[in-house]
Amino acid sequence: MTVKPVKIRGRLKGVIANIKCLMPHPMETGTRRDDAGELIPAHYIRTVTCLHNDSEVMTAHWGPSVSKDPYFSFKIKTASVGDSIKVSWVDNLGETSSGDIVLK
Amino acid sequence: MKTNFSRRWFVKGLAAVAVMASFPGAAFARATGAFKADKTNSVVNVLFGDLPIEASSQITFRLPDIAENGAVVPATVATEIEGVTQIAIVIDENPNPLSAVFDIGESSVADVSTRIKVGKSSVARAYVKSRGRVFMTTREVKVTIGGCGG
């Protein structure tokens, strides 16, 4: 299956950066059944890592009960124009994806 | 937690100590299966050990009172408490109550939002860990369509 990049939007409000991310991902719990009654295997994002100018500012650990195509927003205390933001994830199957932006 | 000094218990304990020593914060939660726990009590036990849980009015926990679609329930946890290192969201009635744990770095604000699945009407809890203390606030969320159906 194809892994889609993380979509990120960042907005500076003074020195605080408000970062919003969307991660296209099925987030299967492993308890659902398909039309044939077979269990759909679990497939969900486990770890989301957020980098601000290459230093880690936030890590999210998720279980399968985060909604499909997860939305995640967080805030960085001291950011300025030109700073880079990178968000990446790893799921339970070892797949990974990321996205990055430069604040403006 | 039941105290059963069996060999298995001892081995698990050893493993937990070893894991604690090598992983900080939520990596530890992952490694010891806080996400696999099926009761809120065991989730809290794995995440925060013996630390007392203090009810706090300083946590803003935004969650709809009534969720029309349990598969997508927006949740925000924010707090003015200083020195927050961890935020956790727990839904009592979900098969595995722990939804998400956030490790808050020094340079990020204790303010996170995401969307979670809520299987049926439940008590929702937000935990905030700061300087060796754990604070909690609860909300009730009513679900009209289940979240586990996706």
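This is a predicted model: local features need pLDDT of at least 70, side-chain atom pairs count only at pLDDT 80 or more; totals for chains, interfaces and linings use all residues.
Residues are numbered from 1 along each chain as its sequence is written, chains are lettered from A and ligands numbered from 1 in the order in which they are written, and side-chain values use heavy atoms, with hydrogens and water left out.

B:Ser108 belongs to strand S7 of chain B, strands (E, at least two residues) and helices (H or I, at least four) being DSSP runs numbered from the N terminus. Its relative accessible area is 3%, so B:Ser108 is buried, where buried means under 20%, exposed over 50%, and partly exposed in between, with a 1.4 Å probe and protein chains only. Apart from neighbours within four places in sequence, B:Ser108 is in contact (heavy atoms within 4.5 Å) with A:Val57, A:Met58, A:Lys75, A:Ile76 and A:Lys77.

## The second largest pocket

The second largest pocket has a volume of about 320 Å³. On a 1 Å grid over the protein atoms alone, a pocket is an open set of points where a 1.4 Å probe fits, with protein on both sides within 12 Å along at least five of seven lines, and lining residues have an atom within 4 Å of a point; grid points are joined across faces, edges and corners, and the volume is the space filled by probe spheres set on the points. Of its 17 lining residues, the closest to the centre are A:Lys77, B:Ile81, B:Gly83, B:Ser108 and B:Ala110.

Strands S4 (73-79), S5 (84-91) and S7 (108-116) of chain B each supply at least two lining residues of this pocket, and S7(B) gives the largest share, four residues. By class, the lining has six nonpolar, six polar and five charged residues, with Ala, Val, Leu, Ile, Met, Phe, Trp, Tyr, Cys and Pro counted as nonpolar, Asp, Glu, Lys and Arg as charged, and the others, Gly among them, as polar.

## Two loop residues with positive phi

Most residues other than glycine have a negative phi. A:Asp69 has a phi near 50°, a positive value, and lies in the loop between strand S4 (55-62) and strand S5 (71-76) of chain A; its relative accessibility is 35%, so A:Asp69 counts as partly exposed.

In chain B, the phi of B:Arg131 is near 45°, also positive, and this residue sits in the loop between strand S8 (122-130) and strand S9 (133-143). B:Arg131 counts as exposed because its relative accessibility is 64%.

## The two chains

Chain A has zero helices and seven strands, and 40% of its 104 residues count as buried. Among its contacts between residues at least 6 apart in sequence, 55% join residues at least 24 apart.

Chain B has three helices and nine strands, in the order α-α-α-β-β-β-β-β-β-β-β-β along the sequence, and 45% of its 150 residues count as buried. Residues 24 or more positions apart account for 63% of the chain B contacts with a separation of 6 or more.
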